[in-house]
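Biologist: I'm new to this one. Can you put it up and walk me through it?
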Amino acid sequence: MIWIKRLLLLLVTLGGCSSELSVDELRYNDIQVLGSHNSYKQAIDTELFATLTQSNPELAQSLDYAHLTLEQQLTFGIRALELDIYYDPEGGLYARPLGLSLIETARPYDADGEMLQPGFKVLHVQDMDFRSNCLTFASCLSRLKNWSEKNPGHLPVMVSINAKDDVIDQPGFVVPLKFDTLAWDALDAELRTGLGDKLILPAEIKGEAENLNTAIVESGWPPLTVLANRFLFVLDESTEKNSSYLNGRENAVLFPNMPEGDPDSAVRIVNRPIEDMDSIKDLVEQGYLVRTRADANTSEARSGDTRRRDAAWSSGAHFISTDYYLPDARFESGYTVATPVIELSAEGELKMLDRVFNCNPVSVGSRCSEIERNEEPSEIEQ
């Protein structure tokens, strides 16, 4: 495990750990990492966006953001991602988005015919906001696995999943298939096929405890050295939909976002760090992993308001999700949310200059102090 410890030292953040808490003792819930929201999303086509702006300017403004590829984000230091998936067991359901018919000169879409294949599809809103850096869930998982294999020793990556089946009551819009038992079984199978032993599973965290909740509250999360090089998937859905997923399921792959105290609860999604600051801190103190959001609907990026961002870090939430790990040059505010400090070399290669995690101010608090680096981080392949 020496090489993992060495790499963790290279990735240590603002506030490493004192002699009271060495790097190899850090548990998953002792850190904070930067995450991205709707991590797969590309920008809506200009012509389609103009049409949407005319009909619903507030909605259009909320959708006016885009992301780098998953690999680029991970290389930047992002360690929490979010994917929206749609059930498409026969394939082709989302292959011809209605929005394309509203564009005279559309850029290419799905040139390789991925959307015609059976399996889960990755997009934000059917027929409207459908551009994605990985069109299928299988291709997203393949990208994650390939990046992981090229970057041994990386911190665990949390990936939250929205299982989308909401109907948009407009002419011509696709009606999504509901997530039933067959869909949940297919989702588990696709995850196991795509990532295999790179998955952190609920059963592993539960161990010999009575249930998952008891394990994380009484024993805590495993050390980072145990979870390195792997991915933890969270089902970010309503209690009802999470219960539908769990219903009699053995060897579940996903950690459900169930209310605290539920036997299957270990990870909580609490997206309002200002209003729910005390609740987040309480969850962190109990041992839950918590994801929150530093910004939403492009509002903070436009105004430059950092109150939500600052509250997110102060709350002790472990995963701070943003659309602006890099500032949007269109906005004068310069708003950004940063843990990693990145530069782009003249050759176009990404270089990691600084940390990719913070010691958690709530779970480890005063036990954190600065750790000296003993060597410089090297360039990381894109």
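Predicted model: local features only at pLDDT ≥ 70, side-chain atom pairs only at ≥ 80, totals over all residues.

Biologist: How many helices and strands are in the protein chain?

Modeller: There are 13 helices and 12 strands. Both are DSSP runs numbered from the N terminus: helices are H or I with at least four residues, strands are E with at least two.

Biologist: And what share of the residues is buried?

Modeller: Of 382 residues, 55% count as buried. Buried means under 20% relative accessible area, exposed is over 50%, and partly exposed lies in between (1.4 Å probe, protein chains only).

Biologist: What about contacts in the protein chain between residues 24 or more positions apart?

Modeller: They account for 74% of the contacts with a separation of 6 or more. Contact means heavy atoms within 4.5 Å.

Biologist: Switching to helices. How do helix 5 and helix 6 cross?

Modeller: Helix 5 covers residues 137-150 and helix 6 covers residues 181-195; their axes come within 9 Å and cross at roughly 30°. That makes helix 5 roughly parallel to helix 6. Angles under 35 degrees count as roughly parallel, over 145 as roughly antiparallel, 65 to 115 as roughly perpendicular, and the rest as oblique. Axes are lines fitted to C-alpha atoms, for helices over the stretch in contact, with angles from 0 to 180 degrees between N-to-C directions.

Biologist: Which residues meet there?

Modeller: From helix 5, F137, A138, L141 and K145. From helix 6, L187, E190, L191, G194 and L195. By class, that contact has 6 nonpolar, 1 polar and 2 charged residues.

Biologist: New topic. Which cysteines form a disulfide?

Modeller: C134 and C140, with sulfur atoms 2.0 Å apart. The rule is a pair of cysteine sulfur atoms within 2.5 Å, and the count comes to 1 disulfide. The link of C134 and C140 is right-handed, with 90° about the S-S bond.

Biologist: Are those two cysteines buried or exposed?

Modeller: C134 is buried at 2% relative accessibility. C140 is buried too, at 0%.

Biologist: And C359, buried or exposed?

Modeller: C359 is buried, with a relative accessible area of 9%.

Biologist: Now the asparagines. Where is N38 found?

Modeller: N38 sits in the loop between strand 1 (31-36) and helix 2 (46-55). At 3% relative accessibility, N38 counts as buried. Leaving out residues up to four places away in sequence, N38 touches Y65, H67, E82, D84 and H124.

Biologist: What is the phi of N38?

Modeller: It is positive, about 45°, although N38 is not a glycine. Most residues other than glycine have a negative phi.

Biologist: And what is the phi of N251?

Modeller: N251 has a positive phi of about 55°. N251 lies in the loop between helix 10 (239-246) and strand 6 (255-256).

Biologist: Is N251 buried or exposed?

Modeller: N251 is exposed, with a relative accessible area of 55%.

Conventions: Residues numbered from 1 in each chain as written. Heavy atoms only, no water. Nonpolar A, V, L, I, M, F, W, Y, C, P; charged D, E, K, R; others polar.
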